[in-house]
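Subject: Structure for you to look at, with notes

Dear colleague,

I am handing over a structure that I would like you to open beside this message.

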Amino acid sequence: MVRARKRFGQNFLTDTTIIDKIVGRFEGCPGEQTIVEIGPGRGALTTGLLNTGARLIALELDRDLIPLLQQQFRKHNNLTLHQTDALRFDFNTLREYAPLRLVGNLPYNVATPLIFKLLDDLSLIQDMHFMLQWEVVARLCARAGDKHYGQLSVMVQNLCESTILLEVPPESFNPAPKVNSGVIQLTPRAEPLISKALQEQFSTVVKTSFSQRRKTLRNNLKGVLTEAQIKESGIEPGLRAEVLTIEQFAALTDTLAQHSD
Ligand code: SAM
């Protein structure tokens with residue numbers, strides 16, 4: 001058996017209860033679904049996913065794992081394996097199979113950049129089930145006022161509904177990671193909470209509001225919105241970004257849009 005490679009973030013899932021719970025999200029769906037697995041590794045999730053009968057497209061970066069996966073799944077004609085970096089992969093090449101269902105036990109360094117990349121391809125995606133380091137799970141699912149609430153929470157939740165499905169301890173993997181993990185579901189919204197035309201201004205407002213967490217909106221938003229404009233949006237300028245709901249960021253964005261006309 002090949003050794004787990006640290007540089008590819010390889011912590012292989014060994015806990016069959018967790019594996020069954022993740023695979024269970026894909027069972028009982030009509031035959032035509034297409035699942036894209038990021039980082040099949042040694043196939044912990046792949047076996048169950050293939051057994052659902054879905055078309056499975058798997059993206060694996062580690063060249064050494066490819067022949068092993070090919071051998072292991074040689075009898076399955078519903079698997080397409082790509083040796084590729086998911087961060088560079090053009091998901092648009094899979095448009096003919098959309099809506100895609102994405103799944104993966106993601107390496108820590110890949111998770112956040114991959115999710116940001118996928119936010120540009122949401123029109124192709126039905127849903128995403130990802131195993132992530134617990135801190136990222138908490139940030140993606142945090143609501144206004146939670147200590148993990150920040151730019152990532154707001155930008156992702158504007159476009160997707162985010163739900164925590166499972167908390168997973170280190171012993172569920174080999175080798176065991178140092179921290180807890182969790183499984184989340186991200187489901188693209190039919191329409192973003194903030195209208196498409198205002199996405200750029202929304203992004204500026206959110207990024208600037210959180211630029212220094214300890215500072216108030218009045219301070220962080222200097223140069224973007226005046227104190228009077230923050231008040232005009234119905235928001236107290238002495239608040240910190242971490243207590244603002246997405247709707248309140250939307251109100252600030254509307255004000256910015258009105259004043260930049
Ligand atoms: N799915 C397997 C499991 O649950 O046991 C493996 C999970 S392991 C945490 C992450 C997998 O993603 C590894 O197989 C690793 O080689 C692969 N990987 C790492 N970076 C990747 C990237 N940029 N694109 C595609 N796969 C990647």
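This is a predicted model: local features need pLDDT of at least 70, side-chain atom pairs count only at pLDDT 80 or more; totals for chains, interfaces and linings use all residues.

Residues are numbered from 1 along each chain as its sequence is written, and side-chain values use heavy atoms, with hydrogens and water left out.

The two domains

The protein is divided into domain 1, which covers 6-188, and domain 2, which covers 196-260; such bounds come from an automatic or database domain assignment. The C-alpha centres of these two domains lie 33 Å apart. Where they meet, eleven residues of domain 1 are in contact with 14 residues of domain 2, contact meaning heavy atoms within 4.5 Å. Between them the domains bury about 960 Å², with 66% of this area on carbon and sulfur atoms; buried area is the accessible area, taken with a 1.4 Å probe, that two parts lose on being put together, summed over both. On the side of domain 1 that touches domain 2, the residues are five nonpolar, five polar and one charged. In this classification Ala, Val, Leu, Ile, Met, Phe, Trp, Tyr, Cys and Pro count as nonpolar, Asp, Glu, Lys and Arg as charged, and the others, Gly among them, as polar.

Four residue pairs, both members at pLDDT 80 or more, are in polar contact across this interface. A polar contact is a pair of N or O atoms within 3.5 Å; within protein, one must be able to donate a hydrogen and the other to accept it, and residues adjacent in sequence count only if both atoms are side-chain atoms. The count of salt bridges between domain 1 and domain 2, by contrast, is zero, a salt bridge being a side-chain nitrogen of Lys or Arg within 4 Å of a carboxyl oxygen of Asp or Glu.

Salt bridges

Side chains of opposite charge can pair when their charged atoms come close. How many salt bridges does a search of the whole structure find? The search finds seven. One of them joins Asp-64 to Arg-5, with the closest N and O atoms 2.6 Å apart. This pair links distant parts of the chain, 59 residues apart, since Asp-64 sits in the loop between strand 3 (55-60) and helix 3 (65-72), while Arg-5 sits in the segment before strand 1 (12-13). Helices (H or I, at least four residues) and strands (E, at least two) are DSSP runs, numbered from the N terminus. Asp-64 is partly exposed at 39% relative accessible area, and Arg-5 is partly exposed at 29%; here buried means under 20% relative accessible area, exposed means over 50%, and partly exposed lies in between (1.4 Å probe, protein chains only). Arg-5 and Asp-64 also belong, together with Asp-62, to a network of salt bridges.

Another salt bridge pairs Arg-218 with Glu-227, at 3.2 Å between the closest N and O atoms. Arg-218 is partly exposed at 32%, and Glu-227 is partly exposed at 34%.

Buried residues

Leaving aside neighbours within four places in sequence, Thr-255 is in contact with residues including Leu-225 and Gln-229. Gln-229, placed in helix 9 (residues 227-232), is buried as well, at 13% relative accessibility.

In helix 5 (residues 134-141), the buried residues include Val-136, Val-137 and Leu-140. Among the elements that cover the buried residues of helix 5 are helix 4 (108-118), strand 6 (125-133) and strand 9 (181-188).

Leu-124 lies in the loop between helix 4 and strand 6, and counts as buried at 0% relative accessibility. Although Leu-124 and Ala-98 are 26 residues apart in sequence, they are 5.3 Å apart in space, C-alpha to C-alpha.
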